[in-house]
Amino acid sequence: MSRHSGARGSTRLDDRLQSLQDARELGEGVVPDEALQEAFDVLERASSRRSLSADHTVVGFFGATGSGKSSLFNAVSGAEVATAAARRPTTSEPLAGVWGATGSEALLDWLEVGNRHQAAAVDGFADEQTGLILLDLPDFDSTRAANREIVQRMVGMVDVLVWVLDPQKYADAALHNGFLAPLATHGAVTLVVLNQVDRLPAHDVQPVLDSLHAILAGEGLGQVRVLASSAVTGAGIPEVRAAIRKAAVLRQAQSRRLDADLTKAAEDLRRASGEGEAAGVRAAAKTRLAEELAQAANVPAVVRAVSQSYRLESVRRTGWPVTRWLSRFRPDPLRRLNLRRDAPAELNRTSLPPAGAPERARTDAAVREFADSASAGAPGPWRAAIRATARAGRDRLPDALDQAIAGTDLGANRKAWWWGLFNILQWLALLTVLGGLGWLGVLAGLAYLQLPVPEVPRVEGWPVPTLMIAFGLVLGIFLAITGRFIAAGAARARAARARRRLNSAVAGAAQELVVAPVEAEIARLAAFNKALKKAGPG
């Protein structure tokens, strides 16, 4: 392997590790904890293994009781290790045969292997420059829980896995279901050895190998190399040594093992999460949500109050002065709702009736419909997370909507330009009427006192005072009626502006509490899927 290809492989592995870490963090709270913990364990093991010797390849021998695993280990390692193995105090402790002791100590400490043997060189197999560590491990079917724990731990830590099977139990379900099948992604770093073939008639060896191949293929391990061997006769030992030596010399076993671990972790996360992307938030769904929330928040009632308040204020300011005072006995709809005030809006609340069961049901239905639309197509756990996020925002909506309405500028204190003009004209009309009445009163008083009564000016035969009274009355009534028509049109325009502002405020509250959190969850799902894709096999 060239330096450049090795650097590219290392960079690719770094990217995949970071992507798996990103996916694990993004999946927190959504993906089951067990799958997240497995991903975390892979990341921890990868970090630890990469910080240790890259010049050593760790090969673990795994097998069931009676499979001849230790005998094969000795046959592969040579007589020196076999002698050391015979003297070790108990088969429950892992035994390490080391070729190239320099730099192996920290790695063996991490593996928690205390029983170490510096093996002698074996021609054509290993020497001090090979950088090879063979581990003879306890039986995976041991009755001692501690032994099984060691095997489980080592399965996740060694660079190359050598599974030693015997002709009688090569199809053992405990082995295949518990170890081999879950490691279907690790075919590149797995070697299966059918040991003790000397116990089979020569004509049965190939059929047994074919049967084993078929079982492995059914478990996704069809690419795994299967060898036949006998520690007694030495058959197949050179082939086993050659396969192990190739892995050690190429120095790729560590990266391939980590690559396989990442692939499996990504697949497990994908399986736990499910596949698919959320449909996302559509503009129509946001509009529909805002409309339903506006109805539930009594926006129509506020809009009616704006219209009624404007018309009432118009009457108070432009009506006939003789009767306009009566309008002051009519309560202002906006003031009754605490929406006409001078204090800062954020310090006030409306007096709208609290949301009842129908309003709450309408809000719940609107939020649920929105969440269902946005989460369509997402995997089950993510759909549940998106819906839960929407529900969390829904619980805060009533208060937020009330605040939104309270903070909306309804233009309640804004005066219309025509009020002043009509008010002046109304008072002029009233003064004209009073002037005419006063004039006639003076004339009547002079006549009553038998004083000379001056001639009253006339227009077309009509006394001017009388005309003044008639003109003032007609003008006042005309202005009052006209003012009502103008007020009705202006009230509709002001109510329309208020509706737009209130709907915008409601949409803002919905955006903050429901839409934005849902969009964030959908974006998290997209980032999770992207990270998993990058963490998977290239």
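User: In which helix does Thr 363 lie?

Analyst: Thr 363 lies in helix α14, residues 357-375. Helices here are DSSP runs of H or I with at least four residues, strands are runs of E with at least two, and both are numbered from the N terminus. This is a predicted model, in which local features need pLDDT of at least 70 and side-chain atom pairs count only at pLDDT 80 or more, while totals for chains, interfaces and linings use all residues. Residues are numbered from 1 along each chain as its sequence is written, and side-chain values use heavy atoms, with hydrogens and water left out.

User: Why is Thr 363 called buried?

Analyst: Its relative accessible area is 9%. Buried means under 20%, exposed over 50%, and partly exposed in between, with a 1.4 Å probe and protein chains only. Thr 363 is therefore buried.

User: Which residues does Thr 363 touch, not counting those up to four places away in sequence?

Analyst: Thr 363 touches Leu 293, Ala 296, Arg 394 and Leu 397. Contact means heavy atoms within 4.5 Å.

User: What makes Ala 260 buried?

Analyst: Ala 260, found in helix α10 (residues 253-273), has 4% relative accessibility, so it counts as buried. Leaving aside neighbours within four places in sequence, Ala 260 is in contact with Thr 185 and His 186.

User: How do you know that the buried residues of α7 are on the same side of the helix?

Analyst: The buried residues of α7 (173-180) are Leu 175, His 176, Phe 179 and Leu 180. They cover an arc of only 110° around the axis, which puts them on the same side of α7. The arc is taken from the directions that run from the helix axis to the C-beta atoms. These buried residues pack against α6 (145-155), β5 (160-165) and α8 (202-218).

User: What is found at the start of α7?

Analyst: A side-chain oxygen of Asp 172 comes to within 3.3 Å of the backbone nitrogen of Ala 174.

User: Why is the pair Arg 50 and Asp 14 called a salt bridge?

Analyst: The closest N and O atoms of the two residues are 2.5 Å apart. The term requires a side-chain nitrogen of Lys or Arg within 4 Å of a carboxyl oxygen of Asp or Glu, so the pair qualifies. The pair links distant parts of the chain, 36 residues apart: Arg 50 is in helix α2 (33-50) and Asp 14 in helix α1 (3-26). Side chains of opposite charge can pair when their charged atoms come close.

User: Are Arg 50 and Asp 14 buried, exposed or partly exposed?

Analyst: Arg 50 has 29% relative accessibility and counts as partly exposed. Asp 14, at 35%, also counts as partly exposed.

User: How far apart are the N and O atoms in the salt bridge of Glu 313 with Arg 316?

Analyst: The closest N and O atoms are 3.9 Å apart. Glu 313 and Arg 316 both lie in helix α12 (299-318), 3 residues apart, about one turn of the helix. Glu 313 is buried at 15% relative accessible area, and Arg 316 is buried at 14%. Elsewhere, salt bridges that share partners join Arg 288, Glu 292, Arg 362 and Glu 369 into one network.

User: How many salt bridges does a search of the whole structure find?

Analyst: The search finds 19.

How values were computed. A polar contact is a pair of N or O atoms within 3.5 Å; within protein, one must be able to donate a hydrogen and the other to accept it, and residues adjacent in sequence count only if both atoms are side-chain atoms.
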